[in-house]
Amino acid sequence: MSRARFAPLAAALTVAVVALAGCGEASDGDKDAAASGPLAKITVTGDSGAEPKVTVSPTPLTVTKEEKRVLTEGSGTPLGKTDLASVHIQVVNGTDGKVATSTWTDKQTLGVDLSSDRMLPILTNQLPGSKPGARLLLAAPTKDVWGEQGNSNFNLKATDPVLFVVDVIKGGASLKEAEGTAVAPKAGLPTVKWNPGKAATITMPKAAAPTKLVTQPLVTGKGAKVESGQTVRVSYTGALWVNGKVFDSNADGYTTPIGVGQVVPGWDKSIVGQPVGSRLLLVVPPADGYGAQGQGEIKGTDTMVFVVDILAAV
């Protein structure tokens, strides 16, 4: 369902290139060490929630491992190790103090799936335990974050120290599967058998595919409605109307921005506005899928059918 055109920041922050050595969650002792460690003299100004200004003095910053300093504690329920979190992030080159990239530039928060091994380890290691409203200062050698090649998109060499200012906006746990009120689907649509932990079984009717997008709730969730620009965690199965062949599925949880053109239009149109906890049957014609060009085994004439569980949204 991905349109294979992710924003550079999101892509760079959500694909783990290398696991960090000797790292883990910060303990109280780590916080005490931060007061006198390599991050102690870094100045971060600006209210929590507003874009920060980071002053690195002296430059270059020297770090040999992952470091953490809590600038603002925040309040409320701490993030768990498998939560979905909404954050703002500014990335700073610790060699010269210049901003490499920032989510504040696009005025969009970033969804961080703390359960995913595709997230940068520095985020999944250090965000658990943080509360909404917290501001964190994180640092590590670039090679430990993005590998020996560094990150050319951000002009970061492998030898550069890199800083992350992270504002935790909100977060929460995900459902394991849809929860809510069952809905009887309209006649003539594909039928669905839910298989926990596996791809759903989708049986196509012996009829021509609809020419317009169909969004059929199978379960209406009890959570908040998904908003455009949020990040959602979903599980899904996708099959072709023409022969029922499953072309893609993810029963463990897939995380993506929604409503902003980073998935096929049918997903953006159907998932936005639905309550968390819902299970949806989507019939997606080419115009709301990959268009006349198709993608991979999906031809430009193929209608796709999805079963999507909305597990979380932030």
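Predicted model: local features only at pLDDT ≥ 70, side-chain atom pairs only at ≥ 80, totals over all residues.
**Entry 1**

Next I looked up the largest nonpolar core, which has 25 residues. By definition, such a core is a set of buried Ala, Val, Leu, Ile, Met, Phe, Trp, Tyr and Cys residues joined through side-chain atoms within 4.5 Å. I noted the cut-offs for burial too: buried is under 20% relative accessible area, exposed is over 50%, and partly exposed is in between (1.4 Å probe, protein chains only). Leu 123, Leu 127, Trp 146, Phe 164 and Val 166 touch the most other members of the core. Helices (H or I, at least four residues) and strands (E, at least two) are DSSP runs, numbered from the N terminus.

I found a second, separate core of 22 residues. Its members include Tyr 236, Val 264, Leu 280 and Phe 306.

**Entry 1: Phe 306**

I followed Phe 306 to strand E16 (residues 304-313). Is Phe 306 buried or exposed? It is buried, because its relative accessible area is 0%. I also checked Phe 306 against Ala 239. They are 67 residues apart in sequence, yet 6.4 Å apart in space, C-alpha to C-alpha.

**Entry 2: Salt bridges**

How many salt bridges does the rule give? I got 8. The rule asks for a side-chain nitrogen of Lys or Arg within 4 Å of a carboxyl oxygen of Asp or Glu.

I looked at Asp 167 and Arg 135, whose side chains meet at 2.6 Å, N to O. Asp 167 lies in strand E8 and Arg 135 in strand E7, so the pair ties together parts 32 residues apart in sequence. Asp 167 is buried, with a relative accessible area of 1%. Arg 135 is buried as well, at 3%.

Lys 245 and Glu 297 form another salt bridge, at 3.2 Å, N to O. Lys 245 is in the loop between strands E13 (231-240) and E14 (246-257). Glu 297 is in the loop between strand E15 (279-284) and E16, 52 residues apart from Lys 245. Lys 245 is partly exposed at 45% relative accessibility, and Glu 297 is partly exposed at 40%.

I then turned to Asp 288 and Lys 269, with their closest N and O atoms 2.6 Å apart. Asp 288 is in the loop between E15 and E16, and Lys 269 is in helix H6 (residues 265-271). Asp 288 is buried at 10%, whereas Lys 269 is exposed at 55%. I also noted a network: salt bridges that share partners join Glu 177, Arg 279 and Asp 309.

**Entry 3: Confidence and ground rules**

I checked pLDDT, the predictor's confidence in each residue from 0 to 100. The protein averages 89, and 89% of the residues score at least 70. Residues 4-8 fall below 50, and beyond near neighbours in sequence this stretch has 6 contacts in the model. Residues 15-33 are also below 50, with 39 such contacts.

I number residues from 1 along each chain as its sequence is written, and side-chain values use heavy atoms, leaving out hydrogens and water. Local features need pLDDT of at least 70 and side-chain atom pairs count only at 80 or more, while totals for chains, interfaces and linings use all residues.

Methods
Contact = heavy atoms within 4.5 Å.
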